[in-house]
Amino acid sequence: IPYSQLTVGIPKERFPLEKRVAATPESVQRLVKPGFSVLIEDGAGASSYFSNADYEAAGAKIVPVDQVWKDSDIVLKLRPPTPEEVTSLGDRTLISFLWPRQNEDLVKQLEAQKATAFAMDCIP
């Protein structure tokens, strides 16, 4: 599949006190340059001092959270997704820290939905 046909989504992290975001405006530019479309949840970077305008200037589109999950082929997160987020992911691709041994129910849910998941914590 050509990059131009793929959409990468970045939702806001919802873990209490989490201030990071899975993509910076600079990393968004690196995704947009080869042709990816990038969706950023409205306000996703605010706790990291990245404004919506910063992401738009990098080439991303600012959208509501439900659109990030519904319209993205690949979702980038830092913290493991909640069961509700996994349900919203469907059978698409997730790249996140998952800690599979500590989150066996999460892995089973992803598997049952036939989602593709890359556990960043398992990549050397």
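**Exercise 1. Which residue in E3 does Glu41 stand opposite?**

Start with the model itself, which is a predicted one. Glu41 sits in strand E2, residues 37-41. Step across to E3 and you land on Val63, the residue opposite Glu41. E2 and E3 run parallel and are joined by three bridges.

**Exercise 2. Work out the strand order of the sheet and find its edges.**

Step 1: walk across the sheet. You get E3-E2-E1-E4-E5-E6, an open sheet of six strands with parallel pairing.

Step 2: look for strands that pair on one side only. Those are E3 (61-63) and E6 (116-119), the edge strands.

Step 3: Ignoring direction, neighbouring strands are turned by 25° against each other on average.

**Exercise 3. Take the salt bridge between Arg14 and Glu41 and say which parts of the chain the pair ties together.**

Step 1: get the distance. The closest N and O atoms of Arg14 and Glu41 are 2.5 Å apart, which is within the 4 Å cut-off for a salt bridge.

Step 2: Arg14 lies in the loop between strand E1 (7-10) and helix H1 (25-32), while Glu41 belongs to E2, so the pair ties together parts that are 27 residues apart in sequence.

Step 3: compare surroundings. Arg14 has 44% relative accessibility and counts as partly exposed. Glu41, at 6%, is buried, because buried means under 20%.

**Exercise 4. Glu18 is our next stop: is Glu18 buried or exposed, and which arginines does its side chain meet?**

Step 1: Glu18 has a relative accessible area of 11%, so the residue is buried.

Step 2: one partner is Arg20, in a salt bridge of 2.8 Å, N to O. Arg20 is partly exposed at 45%.

Step 3: another partner is Arg79, again with 2.8 Å from N to O. This pair links distant parts of the chain, 61 residues apart: Glu18 is in the loop between E1 and H1, and Arg79 in the loop between strand E4 (74-76) and helix H4 (83-89). Arg79 comes out as partly exposed, with 24% relative accessibility.

**Exercise 5. How many salt bridges does the structure hold, and which residues are linked in a network?**

Step 1: the total is six salt bridges.

Step 2: go looking for the network, and you'll find Glu13, Lys77 and Glu85 linked by salt bridges.

Definitions and conventions. Residues are numbered from 1 along each chain as its sequence is written. This is a predicted model: local features need pLDDT of at least 70, side-chain atom pairs count only at pLDDT 80 or more; totals for chains, interfaces and linings use all residues. Side-chain values use heavy atoms; hydrogens and water are left out. Helices (H or I, at least four residues) and strands (E, at least two) are DSSP runs, numbered from the N terminus. Buried means under 20% relative accessible area, exposed over 50%, partly exposed in between (1.4 Å probe, protein chains only). Two strands pair if DSSP finds at least two bridges between them. Axes are lines fitted to C-alpha atoms, for helices over the stretch in contact, and angles run from 0 to 180 degrees between N-to-C directions.
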